[in-house]
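Please look over the fold below.

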Amino acid sequence: MRATLRQAARATVHLLLAAFMAFGSYIFVTVLLITATGAVAVVGIWLLPETVLLIRRITGAKRRLTASWTGREIPEAYQPITGPVRERLRTAVRDPGTLTDLRWMVAYYAYGWLTVLMLPLWPAGLLVDGVWSGLLGRQARVLPLIVRLADLEAHWSAALLRPSPKALLARRVEQLTATRADAVAAHGAELRRIERDLHDGAQARLVALSMRIGLAQRAYGADPETARKLLADAQDQAEEALTELRHVVRGIHPPILTDRGLVGAVRALAAGSGLRAAVQADDLTGGPRAPAAVESAAYFVIAEALTNAAKHSGSDRAEVVLARSRTGLRVRVRDEGCGGADESAGSGLLGMRRRVAALDGTVRVTSPLGGPTVVEVDLPCVW
């Protein structure tokens, strides 16, 4: 009986909020009528985009209310209303999301009153179920109807507020366009970094090596001792140039990923990070490997997160979790530092997001002041 009362009370809260929104939507008819009148008179045509934005806020609140009850988010797919008045009017009228919102508002005028049916159900439920369930120990009959009423209201709202396939496709195209632009920018930045590393590192050392060998050749006949010193210096220059080239190669694609796989590469990365970093990767031991691009992205994300933790967190402890999900690879890096990570402060989080977005993945960073900092990454792939 207590569980039934709790569920009915939670459903009542949802229905009360829904009734409040229904009442507000009834009042909003006045705003729509004023906007329509102004649009006909042309004088108030500028009110139309602002009215559409207000409708979006109302439907956004309704989506959040419905999602809190059902546990499933309802996506939004709107075109941004920006620019001059004419462009704003064109977007407000042609956006498929506007028609979806108006359809919900019209339908809500009809089914919004269903929420008042809970009012007679409570006294009847307390009386009937109090005897039937509380005294006789039977299953409650009346109070569960309040929960079903809330389910029905949420189901209708979710069906009406769900964006049309056309709107979802348009939003997806916008996301892919932005992701492609970020991927191109990240690729250009990576090429410039490689060029800079080769020019300032390996190339400079190879030039110095060539000069040393030339000097050694000239001094070999007249001063063999000086020639031997120059050749020894040249050998040191060659080793340093090889080190620079290995560093550049690791920045393109770490060879350890190919040799030892993602788990082995991450364990080696954690061991050389200067932190007491624990690595959990039981889900990836055995079975198929993720695609090379996914493994590379995960490796660089972990490397960036551990570098940030070592430099900025103020803690020497971190944890790396690699897990296989149904839709891809999940990465989680946590440090026990001071928190307060800021993407605008050059911490590498923006580059991390771009690298993950290029693979249609997601990045979530939680870093409250005082810590801990948690970086969670989902990379889609087929196992």
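Phe300 counts as buried because its relative accessibility is 17%; the cut-offs are under 20% relative accessible area for buried, over 50% for exposed and partly exposed in between, with a 1.4 Å probe and protein chains only. This is a predicted model, in which local features need pLDDT of at least 70, side-chain atom pairs count only at pLDDT 80 or more, and totals for chains, interfaces and linings use all residues. Residues are numbered from 1 along each chain as its sequence is written, and side-chain values use heavy atoms, with hydrogens and water left out.

**Rings**

Arg355 lies over the face of Phe300, 4.3 Å from the ring centre. A charge sits over a ring if NZ of Lys or CZ of Arg is within 6 Å of the ring centre and within 35 degrees of the ring normal. The whole structure holds 4 aromatic pairs. Rings of Phe, Tyr and Trp (its six-membered ring) pair if their centres lie within 6.5 Å; planes under 30 degrees apart are stacked, over 60 edge-to-face, and the rest tilted. Two of the pairs are tabulated here.

| Pair | Centre to centre | Angle between planes | Class |
|---|---|---|---|
| Tyr108 and Tyr111 | 5.0 Å | 70° | edge-to-face |
| Tyr299 and Phe300 | 5.8 Å | 85° | edge-to-face |

Tyr299 is buried too, at 12% relative accessibility. Tyr108 and Tyr111 are both buried. They sit 3 residues apart in helix 4 (residues 96-111), so about one helical turn separates them. Helices are DSSP runs (H or I, at least four residues) and strands likewise (E, at least two), numbered from the N terminus. Ring pairs also link Trp104, Tyr108, Tyr111 and Trp156 into a cluster.

**Cores**

A nonpolar core is a set of buried Ala, Val, Leu, Ile, Met, Phe, Trp, Tyr and Cys residues joined through side-chain atoms within 4.5 Å. The largest has 37 residues, and Leu262 and Ile302 make the most contacts inside it. Helix 10 (292-313) is among the elements that each supply at least two residues. Its share, 11 residues, is the largest. Apart from this core lies another, of 28 residues, including Leu15, Ile55 and Ala154.

What does Leu262 touch, beyond residues up to four places away in sequence? Its partners include Leu257, Arg289, Tyr299 and Leu329. Contact means heavy atoms within 4.5 Å.

**Whole chain**

The protein has 11 helices and 5 strands. Of its 383 residues, 38% count as buried. Among contacts with a separation of 6 or more, 70% join residues 24 or more positions apart.
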